[in-house]
Amino acid sequence: MAEVTGAADLAAIVDGLLRSRERLLERNPAEIATALSTVVEGWLSPGSAWMAQAVDAACAESGFSTPMVRAYLPTMIEPLRGAALADLVERELGGWAGLEDFRTPRLTLHVLPSNLPGHAAIPTAVSLLSRSAVLLKPGRSDRAFAGLWVDSIRSADPEIGRCVASCYWRGGDRRVEDVVLERADLVVASGGDRAIEDLRSRCPGSFVGHGHRVSLAVVCRDAERRAAARSLAADVAAWDQLGCLSPQVCFVEGDTGAARGFARAVADELRALSRRLPPGWIGQGELLESRRFREAAEWKDFASTGRHLFAVSDVVTDGCVVVEDDLSFTPTPLHRCVRVVAVSDVGEVAGVVSQHGSTLEAAGVAISSAAFAAVRDRLNRAGVPHVVRLGAMQRPTLQWEPGGRSRLTGWTSES
Amino acid sequence: MTAIYDRVLAYIDDPGEGEFSALALAVFRHQFENCAPYREYCASRNRVPDSVADWRDIPPVPVQAFKEVELSCGPPQRVFLSTGTTAGTDRRSRHVVPDLRLYHRSALSGLRRFLLPDVDSIDMVSLIPPADEQPDSSLAQMVAWAGETMAAGDLVYAARPGEPVFDVFVDTLRRSEREGRPLCIFTTTGALLNFLDFAAVRSLAFRLPHGSRIMDTGGDKGAPRRLSRKGVLHAVWKAFAIPGYFAVNEYGMAELSSQYYDSVIRDRFDGVHRGRHLMSPAWLRAVILHIETLAPVAAGEAGLICHYDLANAGSAMAVLSEDLGILEDGGGLRLIGRAPRAEVRGCSLSVAEWPGA
């Protein structure tokens, strides 16, 4: 991956990408999908050298524990497996012919978040499929994956591979950044609200911003509680809860006693996971925020009769589960910290989360099969774009549309 | 119940060598027996009076606890609130004071020792609003007591809540210049920086008489910009002609009854030559704890400052702050600043960014 040192470096890379794209336009999208599918299988096949290198690099760069990276880095690629890209085109455009009428950006800049490794995979594949040249600007702690991903495409299909590059520069370095912002027809950026607005204000072309989001869980009355606790713990522990699909608040149908019983079960499950998927590095500020969260609940316990804190262990980074007294929807400090809130029914959940519609990402629901669709629709109407089964939140398919925006048409329709 | 408070008051009046430890352990026992949430907390840590022999092992209360429960060994005489502008998810801390004599004696003794060791009384002006208009501010109360007991005349207030009254302040400074009477200025650092900007725009400068001094406190809260301590001292010299050795920074918290002060005036008074650092009175001690493990750090290493304040005998003597500091040779405290805020790594929205948090 190129480490860009100056505007001239980046301009030369952009020139090269745009020249190479001329050849890409001559390729059949179905053929591109097949080539990318080969790349995906190369990564996901047992003993993959690409994956092995990426795991090593991600452990060093990101601070996640090695078992965590091994378990979850493949989930960043798996959504592209098999006919997933063809299915995406079918779903959004009615088939390959739909791509012919598509106003494809000549160059798409993907400004990727830094929270998890592996963010480059899906955006690259989707943009190449639409025959746009792609420049990836990975996050500070996800540089190696992006570079390896580009190399693997070049290795499998040099002609397609020459249409994508990964370059790192310090975000906000206008001297460098403005070169590509001016030449990209489309910028897709993830990050904090301030960074997103700054980029948006400097983009003459189309811009799609993904700000920080929050996800939740719902455990319905008929769900088997132990299984639901295990599912919630798995969704929380994955990536130490730093992903936007990580549930932070779990609404449990029933009274406070039921919420407490469930919280205890989740803490037990998180304890087991802390051995299998140990927590990774945590910054001092985040550590203090987690400690404050735990202390607030603990001191409530010292001053009242009901229990609020269900700590996973004495180690702050192992996380904790806190039972709230009131119906509320407030995020946690992440790092395996979950709030559990008792509700009478899903209608109450919809009422309280609908006030935060623009920040909602996903909900995981534990419920009997027959009733799932009705709850999903209810939560969709409340502003939660993506609703899946609890336990499956961290293994999304390509049907997940981040921020509720279609993957292909959501980007290109603004061009 | 007041016997232990009387012992602390006697210690504040006459700190004797070796008394701190015994008194701290007695205060711990008092708080364990009379403050139910603290008792539960200590029991959960397996640290009870019969098993604690060293005051450093007394379990400290995190400042977060002051936001959740009333930590008091008796019915309140006063309740002081934090300003609520600090980092985090925050309600304001409530410091319940069952015996106000402790704060009164501690605050005035500290001021006398570190700000006014060389004068019986002095003219005073305050950019901190009056206590009767800010009854929940422990700082305002301390300044009011200083005015009642150590001001040469009436303490002049050049502030109302949330609103400095700079024309009153300027008049007071001019009178001090004209009459040659040294002036003591009480201010938050934020109000001071606001005034310095106000004065700069109007090309105002003052030559206060020798012996004038300034006490600022509160860090960046309410400040229009950040300024280093050296920058503050330089600006104070330019604006007021108060030299650095008469400029004292106070470090306190609403959750404490005692304060740390820059040592400069005290050192000058004692004829000691050393660099500027924060000193505490004998009844307030600091221990530095590792930010992650909360174990004591080695000498000279930075960590979270844990305060042991005997004047907090009625609430919680041991308070774990969220400020970072270093204990220096000779017992001085070097304040580094607030512990870092959470830097959000995730695309997951965390509570640190939640509106209203």
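User: A residue is buried if 20 or more other C-beta atoms lie within 10 Å of its own, exposed if 12 or fewer, and partly exposed in between, with C-beta atoms placed from the backbone. With that in mind, how many of the 10 residues of β15(B) are buried?

Analyst: This is a predicted model, in which local features need pLDDT of at least 70 and side-chain atom pairs count only at pLDDT 80 or more, while totals for chains, interfaces and linings use all residues. Residues are numbered from 1 along each chain as its sequence is written, and chains are lettered from A and ligands numbered from 1 in the order in which they are written. Strands are DSSP runs of E with at least two residues, helices are runs of H or I with at least four, and both are numbered from the N terminus; β15 of chain B covers residues 318-327. This strand is largely enclosed by the rest of the structure, because the number of its 10 residues that are buried is 8.

User: Which strand pairs with β15(B) in the parallel sense?

Analyst: Two strands count as a pair if DSSP finds at least two bridges between them. Both β14(B) and β16(B) run antiparallel to β15(B), each joined to it by 5 bridges. The parallel pairing has 2 bridges, and in it B:L320 of β15(B) is the bridge partner of B:P62. The strand that pairs in the parallel sense, at residues 61-62 of chain B, is β1.

User: Which element of chain B gives the largest share of the side of domain 1 that touches domain 2?

Analyst: Chain B is divided into domain 1 (2-98 + 282-338) and domain 2 (102-273), with bounds that come from an automatic or database domain assignment. Two residues are in contact if their C-beta atoms, placed from the backbone, lie within 7 Å, and 28 residues of domain 1 of chain B are in contact with 18 residues of domain 2 of chain B. Several elements each supply at least two residues of that side of domain 1, including β14, β15 and β16 of chain B. The largest share, 4 residues, comes from α1(B).

User: How many charged residues does the side of domain 1 of chain A that touches domain 2 of chain A have?

Analyst: In chain A, domain 1 takes residues 2-212 and domain 2 takes 214-389, and their C-alpha centres lie 32 Å apart. Contact joins 9 residues of domain 1 of chain A with 11 residues of domain 2 of chain A. Ala, Val, Leu, Ile, Met, Phe, Trp, Tyr, Cys and Pro count as nonpolar, Asp, Glu, Lys and Arg as charged, and the others, Gly among them, as polar. On this basis the side of domain 1 has 6 nonpolar and 3 polar residues, and the number of charged residues is none.

User: What is the radius of gyration of chain A?

Analyst: Chain A has 17 helices and 13 strands. The radius of gyration is taken over C-alpha atoms, and the globule rule is 2.2 Å times the number of residues to the power 0.38. For 415 residues the rule gives 22 Å, and chain A is close to this, so it is as compact as a globular protein of that length, with a radius of gyration of 22 Å.

User: Is B:V170 buried, partly exposed or exposed?

Analyst: B:V170 has its place in helix α7 (residues 166-179) of chain B. Within 10 Å it has 17 other C-beta atoms, and therefore B:V170 is partly exposed.
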